[in-house]
Amino acid sequence: MHPHQILNPIADLPRIPLARKNTPLEEMPRLRAAIAQSMDADISDVPPLFIKRDDTTGFAFGGNKAQHMEFLFAHLLERGIDTIININHYDSNNARLAAAASAKTGMKYHWIAFDELDAPIQGNMLIAHLAGAHIHRTPKSETRNLAENLLTQETNLGNNPTILLDNPFSNIAGTIAYLETANEIDNQLTNYDTPASSGGSVTRTSPFDGERGRERAQRRTTTDRRGMRVGPRGKVDSFHDHEVATISNNPTATTTSPLAPSAESGQAAPPSPSRSARGRERVQRSTTTDRRGCPEGMGDGPIHFWGLCGRSIAGIILYARNTGKPWTATAVAQPHYTPENYEQIYLDRSDRVANLLNLDTPLKPNDIKTLTGYTKTYGVPTDLGIQAMHLLAQTESIILDPTYTAKSMSALIAEIQKGNLDPKTPTIFIHSGGTPQTFAFANQIWNS
Ligand SMILES: Cc1ncc(COP(=O)(O)O)c(C=O)c1O
C-alpha cells in the first residue's frame with residue numbers, strides 16, 4: 001500500500017489536535033560508544049542507535065499518549081460524553097494525559113488512582129491535579145466499585161459519563177495514532193540528513209548518509225533572511241533541527257559508562273567502568289565519523305524498533321507490514337504481559353484497526369518479539385533501569401522515566417551486550433515519554 005492509503009482514512013477520523021508532531025529522530029552516538037566500551041568491543045559491534053523523541057510531543061509534558069488522546073477524545077466528544085472516569089495506577093501517564101485532554105475539551109475528569117497510596121503528590125498526579133482532575137486514591141480491590149458509583153452519581157447529576165477502560169476505542173486509538181508516527185519516522189529516515197554544522201569539533205554525521213546525504217547536508221546549511229534553515233528547494237525545512245552533537249575534544253570526561261556491574265544477574269554483561277587505551281581510542285574514533293557497518297539504503301533498509309508492549313509499537317509494525325518496509329520490533333513487557341497474551345492483544349487490535357481503515361494486512365503472529373524479565377514489578381524502578389537513566393542523561397542528555405522507558409532502555413543495552421542484536425541493523429528506540437514520573441522517584445534515583 002502507498003502510505004497515503006493509510007493516512008487518508010486516518011485523516012477522515014474525528015480528531016482534536018493536542019500533540020506536537022514530527023518529534024525529532026536523533027542519533028545517539030555517545031551512547032553507542034559507551035556501550036561498545038562497556039563490552040570492550042568495536043563501535044561497529046553495536047548497532048547504530050537512534051531515538052524517536054516522542055517525549056517531546058509537548059502537551060502537558062508530552063509522551064506518546066498525547067497522540068493517542070487526539071483520536072480518543074474526539075471519538076468520545078462525538079458520542080456526547082462529557083465526564084471521564086479513569087482507573088489507573090499511581091504511575092499512569094495515561095491518567096495524566098487524559099486529565100489534560102479533559103481540561104482541553106471541557107470535560108469533567110475522575111482519576112481513581114490505585115496502589116502507592118502514600119506516595120508523594122508528584123509527577124503525573126501533580127499535573128493531573130493542576131488540570132482539575134478529581135483524584136480518588138483507593139486500594140486496587142475497590143476501584144471497580146468506586147467507578148460504578150461515580151458513574152451512577154454523574155448520571156444522576158445529568159452528565160454523560162464513561163469509564164474509559166470499558167470503551168473499546170480506547171484500546172485502538174493509540175495504534176491508529178502510531179500509524180501516523182510510523183509515517184513520520186519513514187519520512188525522517190528518507191530525508192535523514194546531517195544537520196547544519198556550526199564548525200568546531202562537532203560531528204554530526206548520520207550513519208544513513210552516503211555521498212548523496214553529505215551533499216544534501218551541505219546544501220541545507222543555507223538560511224533564509226529570518227535565520228531559518230532553508231531546504232534544497234527553497235522551502236523552510238520541516239525536519240526538526242534537534243542536533244546530536246558529539247564533542248570530540250574531551251571524550252573521556254563524559255563517555256564513561258555509569259552502568260556498574262549488574263546486580264540483576266542474568267540480564268546484562270557487566271560493562272567495565274575502567275578504560276583501556278584502546279577503549280579511549282575507540283571512543284575518540286566514534287566521536288568523529290563512524291560509518292562502518294551502516295547501511296546506505298536510507299529509509300529503505302531494515303530497521304529494528306525498540307519499545308514497550310502496547311498500542312504504539314503495534315502501530316509502527318502495522319504501518320511497516322502495509323507499506324512493505326523491512327522493519328522489525330522488540331517490545332519489552334511489563335509484568336502483566338506474557339509473549340502469548342501480548343500477541344493475542346496486538347493481533348486483535350490490529351485486526352480492528354485494519355478493518356476500520358481498510359488496510360491490506362493486519363499483524364501476524366511473531367510480527368513483534370516480546371521480551372520479558374526486565375521490568376520486574378510494575379511501578380518499582382529496577383537497578384538496571386536507574387543505571388540506564390544515568391547513562392542516557394550523561395551521554396545524550398536524554399531523560400528517561402523510571403517506570404517505562406528506563407526499563408525498556410536497560411533491556412536494549414543488556415541485549416546488545418549479550419550480542420542479541422544485529423549490529424548492522426540501525427535500531428530506533430521509541431521514547432514514549434513518562435518523564436514527569438522521574439520526580440516521583442527522586443530519592444531512589446538520588447541514592448542509586
Ligand atoms: C511512557 C509509556 N510508554 C509506553 C507505554 C506502553 O503502552 P502504549 O504503547 O499503549 O502507550 C505506556 C503505557 O502506559 C507508557 O505510559
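The shell around the ligand is made up of 2 nonpolar, 11 polar and 3 charged residues; here Ala, Val, Leu, Ile, Met, Phe, Trp, Tyr, Cys and Pro count as nonpolar, Asp, Glu, Lys and Arg as charged, and the others, Gly among them, as polar. This is a predicted model, where local features need pLDDT of at least 70, side-chain atom pairs count only at pLDDT 80 or more, and totals for chains, interfaces and linings use all residues. Residues are numbered from 1 along each chain as its sequence is written.

Back to the ligand: 16 residues surround it, and the closest are Gly 310, Arg 311, Ser 312, Ser 432 and Gly 434.

Zooming out, the chain holds 15 helices and 12 strands. Helices (H or I, at least four residues) and strands (E, at least two) are DSSP runs, numbered from the N terminus. Among contacts with a separation of 6 or more, 78% link residues 24 or more positions apart, a contact being two C-beta atoms, placed from the backbone, within 7 Å.

Next comes a sheet. Four of the strands, in the order E5-E4-E3-E6, form an open sheet with parallel pairing (two strands pair if DSSP finds at least two bridges between them). Its edges are strand E5 (134–138) and strand E6 (161–163), each pairing on one side only. From one strand to the next the twist averages 20 degrees, using axes fitted as lines to C-alpha atoms (for helices over the stretch in contact) and angles from 0 to 180 degrees between N-to-C directions. Strand E3 (residues 83–89) pairs with E6 in the parallel sense over 3 bridges, and Ile 84 has Thr 162 in E6 as its bridge partner.

Most residues other than glycine have a negative phi. Ala 60, though not a glycine, has a positive phi of about 45 degrees, and Phe 61 has a positive one near 75 degrees. Ala 60 lies in the loop between strand E2 (49–53) and H3, and Phe 61 is found in the loop between E2 and H3. Ala 60 counts as buried because it has 25 C-beta neighbours inside 10 Å; Phe 61 is buried too, with 21 other C-beta atoms within 10 Å.

Technical notes
Near = placed C-beta within 6 Å. Buried ≥ 20, exposed ≤ 12 C-beta atoms within 10 Å, placed from the backbone.
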